Amino acid sequence: MNMNKRPADSPATKDGPFKKTTSAASAPSAPKQQSSLLAWAKPKSTVATDSTATTDGDKTSSESASAPLVLRAKPDILKGLSDEKRELLRLEQDTIDATWLRALQSEFTKPYFIELKKFLKQEEANKQQIFPPKDEIYSWSRFTPLPTVRVVILGQDPYHDDNQAHGLCFSVKKPVRPPPSLKNMFKLLETDYPGFVTPNHGYLESWARQGVLMVNAAMTVRAHNANSHKGKGWEKLLDAVIKTVSDQRKNVVFLLWGKDAQNRGTLVDKKKHLVLQSVHPSPLSASRGFFDCQHFSKANKYLEENGQTPINWNSLVDDRS
């Protein structure tokens, strides 16, 4: 392994949470497909120097990246549980970012979540292929720790074809070409964000590392069977995620596209945050106003007005991961 290259799912660097650790000249050529992220999902040290460790919900990662920070130990959500529940929740313990695990730990032992995990276990027993891979279901939490969240984009169902879903809504692994909804997002950016260049891929990691939380309502799906895990319990966890961001952060932009996402706007404190609504970017609805919504520029304007660094939506073109 090239030790100079930042792993695909590692914490931000001390130079800032969004800076690549390799230069364009030294970066290796892009792999054909991202490898498993599980190796980078283990609990972190209790002392850190990067901004993902901060417990100050009012500071963005860029505001606090220069100072050493103390990271509380990752909570043990398995302590005191029965053997059955420990087995069911091992994935959450091992692969969710510490800041999110701490914020959401009460959700994982609630009846709805235990039933969800039993359902997923039965799917596995029935030899069903599930997307995204286990170690990538919660990659949204590791790409965008809670203290770094500045923009929220909500999706519906993970992509259900091979080598697409990896835990970020709308994003696909390389070298998969961008699906139609993501193409429409790029089409909007071409008119809404000066200088935007449509990338030759649909991998949105660099957005996530800037504080753009991208998470689906259903976090898993049966291979080649759309909406097969809808209504199984993931939606309740998403509600908890949204409520956590609303309560613990301030001046976050919520981009709610489509009725499902807009219905969750009731969970957001609109006195603290900006909520922008539009039709979904799907080809079935995008022509009814999505291309005129200017959500990307409006999000940046709000961030700047509230003392935050705007999102570099054009960062994808330089992504050599």
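The structure holds 12 salt bridges. A salt bridge here is a side-chain nitrogen of Lys or Arg within 4 Å of a carboxyl oxygen of Asp or Glu. This is a predicted model, where local features need pLDDT of at least 70 and side-chain atom pairs count only at pLDDT 80 or more, while totals for chains, interfaces and linings use all residues. Residues are numbered from 1 along each chain as its sequence is written, and side-chain values use heavy atoms, with hydrogens and water left out.

| Pair | Closest N and O atoms |
|---|---|
| Glu87 and Lys121 | 3.5 Å |
| Lys173 and Glu136 | 3.0 Å |
| Asp239 and Arg264 | 2.7 Å |

Helices (H or I, at least four residues) and strands (E, at least two) are DSSP runs, numbered from the N terminus. Glu87 is exposed, at 52% relative accessible area. Lys121 is partly exposed, at 42%. Buried means under 20% relative accessible area, exposed means over 50%, and partly exposed lies in between (1.4 Å probe, protein chains only).

Next come Lys173 and Glu136, joined by a salt bridge. Lys173 sits in the loop between strand S4 (151-155) and helix H6 (180-192), and Glu136 in the loop between strand S3 (130-131) and helix H5 (139-143), 37 residues apart. Both residues are buried.

Asp239 and Arg264 also form a salt bridge. Asp239 lies in helix H8 (residues 234-248) and Arg264 in the loop between helix H9 (259-263) and strand S8 (274-278), so the pair ties together parts that are 25 residues apart in sequence. Asp239 is partly exposed, at 27%, but Arg264 is buried, at 14%.

There is also a network: salt bridges link Glu84, Glu115 and Lys118.

Now back to H2. Where is its kink centred? The kink, of about 50 degrees, is centred on Leu89. The bend at a residue is the angle between axes fitted to the seven residues ending there and the seven starting there. Leu89 is among the buried residues of H2, as are Leu88 and Leu91. Helix H3 (98-104), H4 and H5 are included in what covers the buried residues of H2. That cover is judged by contact, meaning heavy atoms within 4.5 Å.
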